[in-house]
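Let us walk through this structure together, one step at a time. Please have a look at the sequence and the model before reading on.

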Amino acid sequence: MLDMALTISLALILMAIVFNTFRLVYGPSMPDRILALDTMYVNSIALIVLLGLWLNTKTYFEAALLIAMLGFISTVAICKYLLRGDIIE
Amino acid sequence: MTLYVILEAVISLLLIGGATFAFIGSMGMASMQDFFMRLHGPTKATTTGIGCILIGSMIYFGVLDRKPVVQELLITLFLFISAPVSAHLLGKAALHLKLERAEKTQGSPAEIDDDANSIKPEPYPEHGRTLVLTRKELEEKQRQ
């Protein structure tokens, strides 16, 4: 039962990442692309957690935590750049 | 033995539900018309989905190791705190860039409304004279 659930959720997350890539490539404006990258890192955390469940290891959680922190900081930095024209004033 | 079957069902339900939420959020981001509409999907649906998946993983490893696991809860908390902040900053950036809005998107904040910005406020209208000189008064003063 768990194997089937893992397969289905991996497929759904992969399709979500395909949608994000579509918005990243065709996004008409800059905030659209930032939003696509933001969603993409959240989905990649889900992918890493599912991979950890699939391989039955706990090694990948540190990677997930790192991706969460760096993704949030990079989103804030690019938004600051769009708002002010500068990141650190 | 029955407990493990029930726990497996709960974990499967959490995984599939979370993945469905994340998928719906990304689909909304890909298909809606307007940036301000597209902001809704990832900020709410995808965050809920990732929270469900992480809690399912937490239950799985907690049952496997027979002791509580807190790392996943840490990631969940961090994502739930950081998602509204990044959405707020993205909305501010979009307002600053004056992106195109669809007709259904309502509201026009005064900060980006050019007509509201062009009107200068009159400081003391009841005293009969203003502290800010109008253009005609300025020209008369320069002529003298």
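How many residues does the contact take from chain B, and how many from chain A? Chain B gives 48 residues and chain A gives 47 residues, where contact means heavy atoms within 4.5 Å. Before going further, a word on what you are looking at. This is a predicted model, in which local features need pLDDT of at least 70 and side-chain atom pairs count only at pLDDT 80 or more, while totals for chains, interfaces and linings use all residues. Residues are numbered from 1 along each chain as its sequence is written, chains are lettered from A and ligands numbered from 1 in the order in which they are written, and side-chain values use heavy atoms, with hydrogens and water left out.

Start with chain A, which has 3 helices and 0 strands. Its elements run α-α-α from the N terminus on. Helices (H or I, at least four residues) and strands (E, at least two) are DSSP runs, numbered from the N terminus. Of the 89 residues in chain A, 44% are buried; buried means under 20% relative accessible area, exposed means over 50%, and partly exposed lies in between, using a 1.4 Å probe and protein chains only. Among contacts in chain A between residues at least 6 apart in sequence, 48% join residues at least 24 apart.

Now turn to chain B and its confidence. The mean pLDDT, the predictor's confidence in each residue from 0 to 100, is 82 for chain B, and 78% of the residues score at least 70. Within chain B, α1(B) has the highest confidence, at 91, and helix α5 (residues 114–118) of chain B has the lowest, at a mean of 60. Where pLDDT is low, the predicted coordinates should not be read in detail.

Back to the place where the chains meet. About 4200 Å² is buried between chain B and chain A, and carbon and sulfur atoms give 80% of this area. Buried area here is the accessible area (1.4 Å probe) that two parts lose on being put together, summed over both. Between chain B and chain A there are 9 residue pairs in polar contact, both residues being at pLDDT 80 or more. A polar contact is a pair of N or O atoms within 3.5 Å; within protein, one must be able to donate a hydrogen and the other to accept it, and residues adjacent in sequence count only if both atoms are side-chain atoms. On the side of chain B that touches chain A, at least two residues each come from α1 (2–31), α2 (35–38), α3 (40–65) and α4 (71–97) of chain B. That side has 33 nonpolar, 10 polar and 5 charged residues, where Ala, Val, Leu, Ile, Met, Phe, Trp, Tyr, Cys and Pro count as nonpolar, Asp, Glu, Lys and Arg as charged, and the others, Gly among them, as polar.

Which residues can we visit at this interface? Cys79(A) lies in helix α3 (residues 61–84) of chain A and is buried, because its relative accessible area is 0%. Leaving aside residues up to four places away in sequence, Cys79(A) touches Leu89(B), Leu90(B) and Ala93(B). Ser57(B), in helix α3 of chain B, counts as buried because its relative accessibility is 0%.

Two salt bridges remain to be explored. The rule finds 2 of them across the interface of chain B and chain A, a salt bridge being a side-chain nitrogen of Lys or Arg within 4 Å of a carboxyl oxygen of Asp or Glu. The side chains of Asp32(A) and Arg38(B) meet in one of them, at 2.5 Å from N to O. Asp32(A) lies in helix α2 of chain A and Arg38(B) in helix α2 of chain B, so this pair joins two chains. Both Asp32(A) and Arg38(B) are buried. Asp65(B) and Lys58(A) also form a salt bridge, at 3.0 Å from N to O. Asp65(B) is in helix α3 of chain B and Lys58(A) in the loop between α2 and α3 of chain A, so this pair joins two chains too. Asp65(B) counts as partly exposed because its relative accessibility is 33%, and Lys58(A) counts as partly exposed at 30%.
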